[in-house]
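My entries follow in the order in which I looked things up.

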Number of protein chains: 2
Amino acid sequence: MADYETGLARNAANHQPLTPLLFMERVAQVYPQALAVVHGAVRRNYRDLRDRCVRLASALARHGIGRGDTVAAVLPNIPEMLECHYGVPMAGAVLNTINTRLDAATVAYILDHGEAKVLIVDKEFMPVVRLALLQAKAKPLIIEVDDPMAPAAAQAETLGGMGYEALLAEGDPAFAWTMPQDEWDAITLNYTSGTTGKPKGVVYHHRGAYLLAVGNVLSAEMGKHPSYLWTLPMFHCNGWCFPWTVTAQAGVHVCLRAVRGPDMWRLMADEAVTNMCGAPIVMATLLNTPEAEKRDLPHQVKFIVAGAPPPEAVLAAMQAAGFAICHVYGLTEVYGPSVVNEWHAEWDAKPAHERAALMARQGVRYIALEGLDVKDPMTMESMPADGASLGEVMMRGNVVMKGYLKDDAATAAAFKGGWFHTGDLAVKYPDGYIQLKDRSKDIIISGGENISSIEVEDALYKHPAVAVVAVVARPDEKWGETPCAFVELKPGVQATPEELIAFAKQHLAGFKVPRHIVFAELPKTSTGKIQKHVLRSQAKEA
Amino acid sequence: MADYETGLARNAANHQPLTPLLFMERVAQVYPQALAVVHGAVRRNYRDLRDRCVRLASALARHGIGRGDTVAAVLPNIPEMLECHYGVPMAGAVLNTINTRLDAATVAYILDHGEAKVLIVDKEFMPVVRLALLQAKAKPLIIEVDDPMAPAAAQAETLGGMGYEALLAEGDPAFAWTMPQDEWDAITLNYTSGTTGKPKGVVYHHRGAYLLAVGNVLSAEMGKHPSYLWTLPMFHCNGWCFPWTVTAQAGVHVCLRAVRGPDMWRLMADEAVTNMCGAPIVMATLLNTPEAEKRDLPHQVKFIVAGAPPPEAVLAAMQAAGFAICHVYGLTEVYGPSVVNEWHAEWDAKPAHERAALMARQGVRYIALEGLDVKDPMTMESMPADGASLGEVMMRGNVVMKGYLKDDAATAAAFKGGWFHTGDLAVKYPDGYIQLKDRSKDIIISGGENISSIEVEDALYKHPAVAVVAVVARPDEKWGETPCAFVELKPGVQATPEELIAFAKQHLAGFKVPRHIVFAELPKTSTGKIQKHVLRSQAKEA
């Protein structure tokens, strides 16, 4: 055996912390004049964007912010939010992006739990932040972003803090910013939406951010100089790491304060957009834009969808409109997407409903995720790859979080047995692709039989009048639980509960047919996910 | 400051060694039926390729090979060589690919220094290996590869070893192969060609192999399912890590025993090749193929060139023939390519000679290389980015070798000051792109003035009769050294030394004009690099 260790240790020449921060330095050197960010009238190249990021790091350092400090941000998808993804960790600090649709109490909880030293906030969200600060123990330095594209009603808002541009003016673009000491150092903090209990603080590290950012390039087949439309909130899993991915590929960040159909079509056409991401609701918004406000696409746009499988009709309409769809799946705990529906060219020849069924599967692991399996959470045995046996989705690898901040019990439970327990229930097909059947807590147990709420939803989605549907358990004296469907109808279309129940009977086993149908607008999170816990409460009254 | 460490340590769920070996398992699961390797009549899919790799690992383990053992290979670019890139490290062992054109004494030295326990050898190279084994102390287990496409004259060769297929038959495709214990574990051993002194054993680790393999995808803009023609020897820096890159992207490995023009054109057309790599000599071989043996390309082929900048005329001819050229630069110590001439779209509009001049520059760091600079090797200060100040190219980052095996002094010298010293001299332009001017040892010092041999070569390349030229120092009593040019003329073209000297005078300062011109076939390494040390000896006699 040869000695491959002695005299062959890590040193400064052959080992550096993996970090996405160097992507910005590299692109600013190689393509300084390339367009980096577009937002209304603002068009900045990479030299300017890089300098603003380093100024931010420098100014934060002057205010005493350094390694391990938390900098919170309540911002929409505007250039300042992108700058925070570089400038904050370049100061050695940890970026905590906060969902802009949270209530004040939750924001207060997050500021306290994350120990925010600085809070960067957009005028539009100052009312809720003002209330949050009244409740919070944390007294962060307030930095106010004055975006000219913020709603007019918000322009007069202030929390009496320092202006973002004034802060940047204090910074030095020649500042020697802080490389992580170790690639395991925290880079960001993301609170899970927390449908029950307190939100948990998911800690990301530099290594994982680098690996998922690069992994996105492989999964999305993203070439150099993409034009990326920011439909996915950057506060959500750091925009699936695309603030780093797009920069690595010297692409254009096309900002978007709010996901509105006409704005998206205009920007796709004017900025020659190549890539975008979002939940199916973003697709619906695109498709439901009045024809007069749609624009011709300059070329095929790659749309990465997650959050729910794209329904067959939506998929067909998107493809007809010039989009290439890629379905991914992930969670906050795995940096956003870590599973991808790898498409096989030969599937293109299949009928539309078969294609949709194949694309509805969540798929296989990203290259950046080393392990993905469906397991029995009690025994940790792999479930058979039979397309039927239900188990829990488990993941392991370098794009799994460090853990939950200050919550050893939750971290230990999440990592029990050396795998991350997603809480999602799925089957595994003979070809190894997984398909979600439900969240553990969303399964409906009726007369001792498990009913997948997703299966019932899929059946109702086939009805031509149904726009959006969510099925939850409704307590039932006889059966324990029965399925209850909440339905949004398409504009200008009528249907009765009886009609939908009759339709469902044609597609589902009897015990899976919903006993109740409720027509209502569905409560959704800011990222477009339907809030089933709200519906479960409503179902009790239905 | 929030505590981002306590309770947030590495564990089996969130930290795995980076390794390219998992690429094979993933593609075999996701695309088992996809074509993986083509070699003559052999066409194997990824399920079969994966099973053969794991069988190899299993069989090696049965023969007692494990962690830290060296398995040497003397193989051309055939399927068995590709399998070694997975099967050997899957046994925990280290793959030592040996240049097939080395002499027996050097092969013996490498087998002894690397402590080879197994030697896998193709029939064609048995004569030299037989001699090497007579000289070597090492007594490796001999595994003989019987490639039907080996030259007829070699078919009867044997060293009395075990057949490769018999070895594989002993292996179990269900073998639980060995993940590296740490991503810093050695994966391969590559001896530098050693133009002077004994060859040095460059040790690669799993982490670097993963990162460069993925970095290649970004630099080459390689989509999914590429068809890769194996023109670059896999024994050379592990084929720049493309055995792992192509597999990560579920591509086809199109094997090639020998770089011959008609074979390359046939395979490019028949296998719809998308990517290939090589030295400029490969381009020349392609272009000089008789027209009758050329084929129409199915689409643009991406050609990554390294070893020397592509001359203007070759560049133009290649582009006219349907190739897209990407110029990269690297060394054995950095896994092959680690610097890339990132092209700017606006340069396409420049005249041909300006485009060639821009493409002649080596460029900027790969995303996978964290640091690249031109420094004064004494003071370690950065040289000015003025396109004129000559310094040494220095690199640092995760795609720099572990070090030289059993050579602490050489390792320490290479890593002095926390940077890898390449030994190449270069200038840095105001845009940060570097351009090689010479190897330290290739610089010519005439009357106290430095002369870049590359500058003299560039001038002579402009002469229409010159096919290949190499300039070296010739000892001179008066001047110390003067430039001496060795020239290969194009077929059927005539020129005299006086004519070339007169031509050089029009393009070079007087002291840089070669005093001697020698017409001769230039000695080249197996990877197409001109062996200047041989020419330096000949120059003394010229």
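Which residue in S6(B) does Leu119(B) stand opposite? I looked it up and found Ile142(B). I note at the outset that this is a predicted model.

Entry on strand S5.
I then took strand S5 of chain B as a whole, residues 116-122. I found six of its seven residues buried, so the strand is largely enclosed by the rest of the structure. I checked its pairing on both sides. Strand S3 of chain B, residues 70-74, runs parallel to S5(B) and is joined to it by five bridges. In that pairing I noted Val71(B) opposite Val118(B). Strand S6 of chain B, residues 141-145, also pairs with S5(B) over five bridges, in the parallel sense. I followed the chain from S5(B) through helix H5(B), residues 126-135, to S6(B), and recorded a right-handed β-α-β unit.

Entry on helices H4 and H5.
I wanted the packing of H5(B) against helix H4 of chain B, residues 104-113. Two packed helices are described by the angle between their axes and the distance between the axes. Here I read an angle of about 55° and axes 8 Å apart. Angles under 35 degrees count as roughly parallel and 65 to 115 as roughly perpendicular; H4(B) and H5(B) are therefore oblique to each other. I logged the crossing of H4(B) past H5(B) as right-handed. For the contact I listed the residues on each side. H4(B) contributes Ala104(B), Ala105(B), Val107(B), Ala108(B) and Leu111(B). From H5(B), the residues they meet are Val128(B), Leu131(B), Ala132(B), Leu133(B) and Gln135(B).

Entry on positive phi.
In Lys406(A) phi is about 50°. I placed Lys406(A) in the loop between strand S19 (403-404) and helix H14 (408-414) of chain A. Its relative accessibility is 42%, so I count Lys406(A) as partly exposed. In His225(B) phi is about 60°. I found His225(B) in the loop between helix H7 (206-220) and strand S10 (227-229) of chain B. With a relative accessible area of 39%, His225(B) is partly exposed.

Entry on Arg44.
Is Arg44(B) buried or exposed? I have it as buried, because its relative accessible area is 18% and the cut-off is under 20%. Arg44(B) is in strand S2 of chain B, residues 42-45. Leaving out residues up to four places away in sequence, I listed its contacts as Ala34(B), Leu35(B), Ala36(B), Val37(B), Arg52(B), Pro79(B) and Glu83(B).

Within S20(B), Leu425(B) is the residue I recorded opposite Glu392(B).

Methods: Residues are numbered from 1 along each chain as its sequence is written. Chains are lettered from A and ligands numbered from 1 in the order in which they are written. This is a predicted model: local features need pLDDT of at least 70, side-chain atom pairs count only at pLDDT 80 or more; totals for chains, interfaces and linings use all residues. Side-chain values use heavy atoms; hydrogens and water are left out. Buried means under 20% relative accessible area, exposed over 50%, partly exposed in between (1.4 Å probe, protein chains only). Helices (H or I, at least four residues) and strands (E, at least two) are DSSP runs, numbered from the N terminus. Two strands pair if DSSP finds at least two bridges between them. A crossover is right-handed if, with the strands pointing away from the viewer, the path from the first strand over the helix to the second runs clockwise. Axes are lines fitted to C-alpha atoms, for helices over the stretch in contact, and angles run from 0 to 180 degrees between N-to-C directions. Angles under 35 degrees count as roughly parallel, over 145 as roughly antiparallel, 65 to 115 as roughly perpendicular and the rest as oblique. A crossing is left-handed if the near helix is turned anticlockwise from the far one by less than a right angle, and right-handed if clockwise. Contact means heavy atoms within 4.5 Å.
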